[in-house]
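Here is a quick tour of how some parts of this structure pack together. Have a look at the sequence and the model first.

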Amino acid sequence: MRITQGQFSFLPDLTDEQITSQIKYALKNNWAVNVEYTDDPHPRNTYWEMWGMPMFDLRDPAGIMMEVQDCRKTYPDQYIRVTAFDSTRGWETPRMSFIVNRPKEEPGFQLLRQESDGRHIRYTLHSYATDKPEGQRYR
Amino acid sequence: MNDIPDSTPVDLNKVYEESNIQEVLDQLDRELIGLKPVKSRIREIAALLLVDKLREQVQLRAQSPSLHMCFTGNPGTGKTTVAMRMAEILHRLGYVREGHVVAVTRDDLVGQYIGHTAPKTREVLKKAMGGVLFIDEAYYLYKPENERDYGAEAIEILLQVMENQREDLVVILAGYKDRMDRFFLSNPGMSSRIAHHIDFPDYTPDELLEIAKLMMAGLNYRFSPEGEKTFAEYIVKRMEMPNFANARSIRNALDRARLRQANRLFASHDKALTRQDLLTIEADDILASRVFTQSSNQ
């Protein structure tokens, strides 16, 4: 099951050229761009690992693409996303975030039901990928 | 490639006019005095890039040329100034995408402890991508007397990016001639990856006077006729003295002349001043210089 998080996730995967143009847009707006990766695809997992420091004061996407390629080489089977952070007062938040790499096979999610007091049912999601310990998922 | 016949006409003039390169070259001629070898090399590079553009139109693809450069020359011969210009020229010719200059020295590239250098150098390289990375006094990167110096690490990363991502950035090294030569001797890899070694000649007294006049015009000052004559004498005298740094010495001399002019105007406060007085540097302002008093003592 293909996970859909962040921008463009309902579209076919972006090509490198399209990623470059998106980053160019972010840089044009003076947003700091960083690269993050994770192997826990749960939608509420907002804290992904950072690939290096966020990149400030860049003028051209080539440097960020270099980091994206390096990250892909190291973690070809994990989710990698590019995030653009806007530090303007009043915003101070990510303005863009999109996935640039995903594992070849995404096993998807299981729906868990928990019976609680008064025959109430609580629902939650569980990613099949996270059955295995960190670092051994998606192999 | 074969579907375009060899006899296809190409329009060099059109590409030439579209690039506005003549404007940049003219500006270079106007604002940079002397520096013949530098200008001719820039012209050659511009011609090459234009022809490459034409070749691309008729699908004669070639690998983009390596444009890493090394500027050597004495202090004050305009290395930094030309580097700043170079970025603009390469941008106009479409060789670099953004055309900004990131000027760094050893401090910005080399870290203070193990594992600090690589991220630091990479960060600088990423900032410079799409433009020009100008490394001033590049020979400080390599310190042969200390084998544990991290400079070598920075050089290694630099070389790697210079080789693999030459379409993303242009590296310009600058420094004094003799020390740069020694630097290249101990780093042959660096020397061979730099296609253009440009030597900046010292200026002649006439060129220095031209430069002085240009600087003055930029500051909205001008010499009186005697002032100009005196300044020409000053240049000849100053060139014989130690620590002469070409255009930089001239700029300093002009700054001091401005001080003296201001002082002179203050001293003559009972006289009515005009715009002309504020504008003009007189011979007296220059004659008061240390250069004249010292030589008359000898």
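Predicted model: local features only at pLDDT ≥ 70, side-chain atom pairs only at ≥ 80, totals over all residues.

Residues are numbered from 1 along each chain as its sequence is written, and chains are lettered from A in the order in which they are written.

Let's start where the chains meet. Chain A brings eight residues to the contact and chain B brings ten (in contact means C-beta atoms, placed from the backbone, within 7 Å). On the chain A side, helix H2 (residues 62-74) gives the most, with three residues. By class, that side has four nonpolar, one polar and three charged residues.

| Helix pair | Angle | Axes apart |
|---|---|---|
| H10(B) (residues 205-218) and H11(B) (residues 225-240) | about 125° | 10 Å |
| H2(B) (residues 21-31) and H3(B) (residues 36-57) | about 175° | 11 Å |

H2(B) is therefore roughly antiparallel to H3(B) (an angle over 145 degrees). Ile21(B), Leu25(B) and Leu28(B) of H2(B) touch residues of H3(B), including Lys39(B) and Arg43(B).

What about H10(B) and H11(B)? They pack at about 125°, and their contact has nine nonpolar residues, with no polar and no charged ones. Among them are Leu208(B) of H10(B) and Phe231(B) of H11(B).

Terms used. Contact = placed C-beta atoms within 7 Å. Helix = DSSP H or I, 4+ residues; strand = E, 2+ residues; numbered from the N terminus. Nonpolar A, V, L, I, M, F, W, Y, C, P; charged D, E, K, R; others polar. Axes fitted to C-alpha atoms, helices over the stretch in contact; angles between N-to-C directions. Parallel < 35°, antiparallel > 145°, perpendicular 65-115°, else oblique.
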